[in-house]
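Please look over this protein with me. We begin with one residue and then step back to the whole chain.

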Amino acid sequence: MNPPATVPEGLNSPVPGESVCLRVAGLADASGFSAVPGSMLIRADGPGRLAVLAAGSQTEVAGHPESAKARVLDLGRSVVLPALVNAHTHLDLTHVGPRPFDVGAGFVGWVDMVRRERLADADAIGRSVRAGVALGREGGVAAVGDIAGCPSSGPQAAGAMELAQSGMRGVSFVEFFGIGRGRERGLPGAIRAIEAASGRVSAEAEEPGVRLGLQPHAPSTVSLRVYESALAVRGLALSTHLAETPEEHEFIATGRGPQRDLLERIGAWDDVILEEVGKGLTPVMHVAGVLAGAKGRDRRESIMLVHVNDCGDEDLETLASVRRSGVNLFVVYCPRASAYFRAADTFGPHRYKEMLARGIPVALGTDSVINLSMEDLAQGLSTWGEMRLLYHRDGVDPAVLLAMSTTMGASALGFSPEAFLFTRTGPIAGLIAVETGELRPDDDPIRVGLTSGKPARFLFNNNESCLAET
Ligand SMILES: [Zn+2]
């Protein structure tokens, strides 16, 4: 029988208790494991919950006692990989859609556009998040680090509640501002939004599903003292935009520029801000002392530094030494967003490879749909596109790219990375299939997938993630 040419649409997950034996062109995960051709024995342990029983060559998997009674699914022209993690996105901006970046208006002009377009109504936010979840699923994303953005009415967790009902797993970071005249309001507002949502969103780190986190927006909108207070809140992961744009660099170093103009324009400016900024520091060095004091946070209280496009030698060494000192920090790199804002024109190439080499885990994120193209979105709101960009542009080892998009992303969000590996038996977050045709014995399944030009699709149409602790 000829194997199907494509991954069939509408392939249902196995029913609870059922086992399925996948026969695929190739199989790989981020640990270096691969099998060409490959086979995998999975069992449904509950609705949407899959467990790996065995993975390897067809002969190896056939030796498993459950193999004989398993339903065989022949996907001989696709490679199968673990489902993906999108460690940084803004699902509540999905309704805005892709927009070109106006270089003349700069980052603050772009922020003005987002402020105009941002929704405040909970139902409308819910619809935008739902559309974003659907786009994530189209691209094989099983877990997200999502920012529940802050409208002018104050921090809100409507996005978290929608995400929690979607079947997508992850952390919803409630965003807040807190600088100048508004420095006392943002964090308490975010805590209130989290408390209000915690009856409906799992705040318990032990649970699979969606957890809540804190997102101080960025150093140009949140004072150092407020960062310190946010890091003193325990039991929540924390994410922040950091070292993203030239405008942020100018503001932190000099206390001037478009970011200050924005604060003045919205009535948030207060000269007290100059006690912290305008001291010639980079954004990373500006927050380094506060980060260095954030020791003793467990893996569910991770700190995610998003972007870090602006990273000089001292910044890099400082982040590495803070991480070495036991601070549970991660960098999240959004390659297509950095390219969209032309970060490399000012800061040079992103230093993610050096960060990895110095022991800083780097997870991949997409940022919002605004900075992607319609062509990108045709393959979903997915870190698969980020992996492809880095592979083609920088020639990164495909297994490293898969780690940045699976195990490192999971760890950054405080989930178990094992749910994104095939090399042990147990729950798996999900499976993606990429149509590649048949592989040669020495082919790397991840590389062939990345160069196929094909999207990463969930293998099963109701393939919900399963991130329960094991
Ligand atoms: Zn962002």
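A residue counts as buried if 20 or more other C-beta atoms lie within 10 Å of its own. Val287 has 25 C-beta neighbours inside 10 Å, so Val287 is buried. Keep in mind that this is a predicted model.

Where does Val287 sit? Its place is in helix α9, which covers residues 283–292. Set aside its neighbours within four places in sequence, and Val287 is in contact with Pro219, Leu224, Tyr227 and Leu242. Arg77 is another matter. Arg77 and Val287 are 210 residues apart along the chain, and 49 Å separates their C-alpha atoms.

Now the whole protein. It has 18 helices and 16 strands. The radius of gyration is 22 Å, close to the 23 Å that the globule rule gives for 470 residues, so the protein is as compact as a globular protein of that length. Its C-alpha atoms fill a box of roughly 75 × 45 × 40 Å along the principal axes. Buried residues make up 54% of the 470 residues. Take the contacts with a separation of 6 or more: 78% of them join residues 24 or more positions apart.

How confident is the predictor? The mean pLDDT is 92, and 93% of the residues reach 70 or more.

Technical notes: Residues numbered from 1 in each chain as written. Predicted model: local features only at pLDDT ≥ 70, side-chain atom pairs only at ≥ 80, totals over all residues. Helix = DSSP H or I, 4+ residues; strand = E, 2+ residues; numbered from the N terminus. Buried ≥ 20, exposed ≤ 12 C-beta atoms within 10 Å, placed from the backbone. Contact = placed C-beta atoms within 7 Å. pLDDT = per-residue confidence, 0-100. Rg over C-alpha atoms; globule rule 2.2 N^0.38 Å.
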